[in-house]
Amino acid sequence: MNVNQHTPMASPYGQPQPGYAQPGYAPLDGGYPAPYAPYNGPASAYQPGVPPQGYSPFTSFPSKAVAANPVSDLSSPLDLGQARGPPNAAPPPVSAPQQYNQYSHSQVDMQNGPPTMTQAPPRPAAAQPYSQGHTNMTGPHPSYPQHYGPPPTMQQVTSQMTGMQITSGPPTPAGPGYAPPHSSQLPISTYSAPPQPSYTQAPPPASSAPTQPPPPGVPAASQQYYGGPPPPSQQPFDSSRPPTSQQQFTSSAPPPPSQQTFPPSSFSGPPTRLQAAPVSQPQPPFPAAPPSLSSAPPPGSQPGFAGGPPPIAQGSFPPQLPPPSSQPGSFPPPGPPPTSVASGQYPPMSQPQQPPAAQPSPYHSGPPPPRAQMPPTSMGQSNHLPPGPQGPQGPPGPLQQPPVQPGMQTGYPPQQNGAFGQARSPQPGYAGPYPGQPNYGASAPAPGVAPAPQKRLDPDAIPSPIQVIEDDKAKTNEPFTTGVRGQAPPLVTTNFQVKDQGNASPRFIRCTAYNMPCTSDMAKQSQVPLAAVIKPLATLPPDETPPYVVDHGEAGPIRCNRCKAYMCPYMQFIEGGRRFQCGFCSCVTEVPPHYFQHLDHTGKRMDCYDRPELSLGSYEYLATVDYCKNNKLPQPPAFIFLIDVSYNAVKSGMVSIVCNELKSLLDLLPRQNPEVDSVIRVGFVTYNKVLHFYNVKSTLAQPQMLVVSDVSDMFVPLLDGFLVNVTESRQVIESLLDQIPEMFADTRETETVFVPVIQAGLEALKAADCAGKLFVFHTSLPIAEAPGKLKNREDKKLIGTDKEKTLFQPQVGVYNSLAKECVAQGCCVDLFLFPNQYVDLATLGVVPVSTGGSIYKYTYFQAQTDQERFLNDLRRDVQKQVGFDAVMRVRTSTGIRATDFFGSFYMNNTTDVELAGLDCDKAITVEFKHDDKLSEETGALMQCAVLYTSCSGQRRLRIHNMAVNCCAQLADLYRNCETDTIINYFAKYAFRGVANNPTKAVRDTLVNQCAQILACYRKNCASPSSAGQLILPECMKLLPVYLNCVMKSDVLLPGADVSLDDRAYLKQLIGCMDVAETHVFFYPRLLPVMKLESGSLPVAVRDSEERLSKGGVYLMETGLHLFLWVGASVQQELLLSIFGTPSFSQIDPNMTNLPVLDNPFSQRLREVVDSFRAQRSRYMKLMVVKQEDRAELTFKHFLVEDKSASGGASYVDFLCHMHKEIRQLLS
């Protein structure tokens, strides 16, 4: 579908409204208020005119039985558009052709949630003439700048995502989707297009236009109306619940305990089918007949509509399709992987809703109410109106759920065919999988019903990240034990405890797929990247045991003779324990006599559970001298502080802040044993365009300065007295730190050097024969005459051209050769930058990135506002656990091998990842490729071994082992993937790619690979269904939303205000992030603070402006920033509790810390802010954003589900675009 057309989404009413789960209220062709009828997609078999009997305009999408909780099945059809051809008689398009703009639907800023309503929307006159040719979907549609414009015709509607049918659960052969009623159960999630009932409901008040903020006092559009909606004027803002009117897809409330959701690893439900109206093809206009709903028949055999025969095969569910036998929560029977049709994942709504009080049945057979004045709801408005008491009540509408059928489990709708593979008999209201095929068994549409206004894909009907996160939290209630091979761990957003039982904890290793394809052909076909994100020195929470240290004495670790893998739980002891067979290469190795142990009756060693290397996934070995450089034990490492003392550095206050802080920081140097003083030695250098070394030997009364002005040939002018022990030389060091700011207070030197500074530190470490870390505090582009001199090459004209990639490559080669020398010495560089203009971070960053260091950037540094962030970052950086002079190697079992690595390191060959420094925050993403077949019995094994020098100077080996399953069926691969890890891989792959390819090519590659992954699933694993459905695998249903966030990031699609240095900084930063960090960076956490309670955090809301309420306060965390957004009409009481002022205008937007007030709310909010900061590797500065203030633009940049200022698509638009790409691949 032309993505510009707003694909209207099936109204969530396609599923009965969440609250409409009342038995007795069948979703069939009864009187369904317009907004609620499940529209099942356009059909192309009929001419505009009288529909053939037995054909309903809505039949084209099969309706799927939706599981009670529509969330999970993204095989749920999102009806994104049908693939049918246009009828010859289609009327000409009503409006001007519209440009296809990247993927955006009409320009309207779409509103993503139910519009806010201040008063019940007026109904249009009952008698508007409905003109059939009103819209012709075939032509492009104009983008309506605001919601109301010419009404779309039915046809148009269909081609919109109207039908986004997200069905969930295997459909019952009989009826279209519905679940047995049950009050706790969700309405059926057939995301079928909303029926186009005839009765017209007025669009929501203009205030709901996405572009305007919700009216004061009105809850944000994001509110989901749970339960019968309260009168519009006072809808409670309940972000945690899905709006009832919306597709259940979003509800974020956790499922009720009784209705257990599937374990993530196994199966989370049938595929979600988001059925949307066809994207690109023209649609036939709708006849004026009522749609035959794809949902099941009304209770009893009551005809669903006044004028036609009762639906044929629709009575109760046919016996042939028993409900899935697996109880929710059990493993699914073999079949396609869960697709994301909501399968029981969505939490049921909390209260049944009353049927809309009064709407004429869309099916009445009288003349259609005219609909001329219906403004097109570009945002699927009618979708959003909560049912209200308007108008007389018609016969029960299709909204209602059918009565419970015998043999069905209540609360758990029959699953969709996709999930368990039953054959689907033609369903009423389902036009058969192929266009044009009549829909047998559906009753003829009643004559004369006018179509409803065009709907836009409803954001609540598409997969919600919040819903998935909450569902995962709800089902994770016991520790995750790592003993089961191929078991996917809980998501990174869930708090859980890990018990190591033989595989490494997910805190150390996360995989993209826990079922690896057995062959390379299968891997190529699916295009799912096979990768692992490894964080070797990750910090564990206090309730988990750090890896045990194993000391085998002088003999050293036991290893396989052939592949050199270290002893681990995958080694098989044979011949009574005298030899062992390697799990990686199958070679048999003798067990050394000192390591011999008898085997028990199962073939395990008797001491198996006493030895960490035989029973755990992660452990450390003390390395022997053979593992040391030059075969001699290492010296303790050194820290050298190199401070820029040029004019800018002194003037900004940076020099005095650093010197002052170092006095106390030197007591906090890392140590292995907290009881003992750190053995790390320290040295100090200051520089501008010359270097000043300081002798701080303990025997001196005052420090001595030695100046080296020949920067072209760097050397260290002193050996003794440069690197010293802190305790011994404390007084001299403190004296030096007091004097430095005074010495340079009146400097006029503005030029700096950079390469000689790092060479100085490197030479000092070489002279001391030790590894170590350089902390460089630098302010400007190094333009002084010296090696590594740079020029300003920032050129906005190159952005978006083929030459843009050169801006991400280093300007001069000396930086690469310097990085290589640093790695060889074990010299890690951490760079703290304080730039006021371009500093060419793409070049300066080469050394920190290649040596495993970090870059911290404080643009326009101001002491009063940025000091706290800088000092917290510096303290953490100095204190954190770090290994020096490290080498990492990843070994794998036969059949796969590690082929590519992403992160901050250096590689001299294809296997060894060299890290001058490796700290607890650094992650390395490793990609695997097949070099042979794998077998389902043995699975695939990987072992990551990191050899490093600890901060106390000990040489150690840290080992992490991981075993995953192998599968011969694509369905098994798609059942056990982890989207967050896939996104981590894609982001690193794409960001690395910008240095060699135009950004547009990189973005196209991402879209293409994602479309191939989803198209392969659709083609090989999902049950057949109309092309208008977007079917996503359950565990990947968030792939489109997250991938869109990567595509819109500043690195790949920069806004006009994003500097080249900012982009280079993010590129380097994301390169070494772990999965939890990339998750919150690309999809920030947005909490409604007004719902804060003392116990737990409130459920987050989706990242979209329409989810914000004017009367609310929201805390957003991105991993790098914290924003506190304050709505313009927040209650005084709340403002007093947080800011200590009753007035919105008196809030100081420049505050970076919340005032410390003596009330429980203030205390709790500050605790939350502190806990967020504690979880991240960088200190997040708090920014207070007042609604409609200038700073709001920065905040809105992180509302990633909306269109971005730089031209990035909204989630809804991107989903349509992705659907179009998938359909092109399939055709």
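Ala1128 counts as partly exposed because its relative accessibility is 34%; buried means under 20% relative accessible area, exposed over 50% and partly exposed in between (1.4 Å probe, protein chains only). Ala1128 is found in the loop between strand S31 (1121–1126) and helix H21 (1132–1139). Helices (H or I, at least four residues) and strands (E, at least two) are DSSP runs, numbered from the N terminus. Ala1128 and Lys1110 are 18 residues apart in sequence, and their C-alpha atoms are 5.6 Å apart in space. The model is predicted: local features need pLDDT of at least 70, side-chain atom pairs count only at pLDDT 80 or more, and totals for chains, interfaces and linings use all residues. Residues are numbered from 1 along each chain as its sequence is written, and side-chain values use heavy atoms, with hydrogens and water left out.

Other loop positions were examined in turn. Asp667 lies between helix H8 (654–665) and strand S14 (681–687), in the loop. Asp667 counts as partly exposed, at 42% relative accessibility. The C-alpha atoms of Asp667 and Ser678 are separated by 8.3 Å, and the two residues are 11 residues apart along the chain. Lys564 occupies the loop between strand S8 (549–550) and strand S9 (572–574). Its phi is near 65 degrees, a positive value in a residue other than glycine. At 39% relative accessibility, Lys564 is partly exposed.

Tyr860 also has a positive phi, near 50 degrees, and is not glycine. Tyr860 sits in the loop between S20 and H14. Tyr860 is exposed, with a relative accessible area of 56%. Gly853 belongs to the loop between helix H13 (846–850) and S20. At 4% relative accessibility, Gly853 is buried. Gly853 and Phe775 are 78 residues apart along the chain, with their C-alpha atoms separated by 9.5 Å.

Aromatic contacts come next. The structure holds 32 aromatic pairs. Rings of Phe, Tyr and Trp (its six-membered ring) pair if their centres lie within 6.5 Å; planes under 30 degrees apart count as stacked, over 60 as edge-to-face and the rest as tilted. Phe834 and Phe861 form an edge-to-face pair, because their ring planes are at 80 degrees, with the centres 5.1 Å apart. This pair links distant parts of the chain, 27 residues apart. Phe834 lies in the loop between strand S19 (827–833) and helix H12 (841–844), and Phe861 in the loop between strand S20 (855–857) and helix H14 (863–879). Both residues, Phe834 and Phe861, are buried. Phe861 also pairs edge-to-face with Phe870, at 6.0 Å centre to centre and 85 degrees between the planes. Relative accessibility is 6% for Phe861 and 0% for Phe870. Ring pairs join Phe777, Phe832, Phe834, Tyr856, Tyr858, Phe861 and Phe870 into a cluster.

Charges over rings were also found. The criterion is NZ of Lys or CZ of Arg within 6 Å of the ring centre and within 35 degrees of the ring normal. The charged end of Arg605 sits over the ring of Tyr595, 4.3 Å from its centre. The charged end of Arg1085 sits over the ring of Phe1172, 3.8 Å from its centre.

A cavity is a set of points where a 1.4 Å probe fits but cannot get out; a pocket is an open set with protein on both sides within 12 Å along at least five of seven lines; lining residues have an atom within 4 Å of a point. Grid points are joined across faces, edges and corners, and a volume is the space filled by probe spheres set on the points.

The second largest pocket has a volume of about 1600 Å³. Its lining has 50 residues, with Val492, Thr494, Asn495, Gln1175 and Arg1176 nearest the centre. H20 gives the largest share of this lining, 5 residues. The pocket lies between domain 1 (465–548 + 885–1048) and domain 4 (1084–1199), because both give residues to the lining; the domain bounds come from an automatic or database domain assignment.

The structure holds 9 cavities of 30 Å³ or more. The second largest cavity contains about 260 Å³ of space. Of its 23 lining residues, Leu1069, Cys1072, Met1073, Ser1177 and Arg1178 are closest to the centre. S20, helix H19 (1060–1071) and H20 each give two or more residues to this lining.

Definitions and conventions:
1 Å grid on protein atoms, 1.4 Å probe; cavity = no way out; pocket = protein on both sides within 12 Å on 5 of 7 lines; lining within 4 Å.
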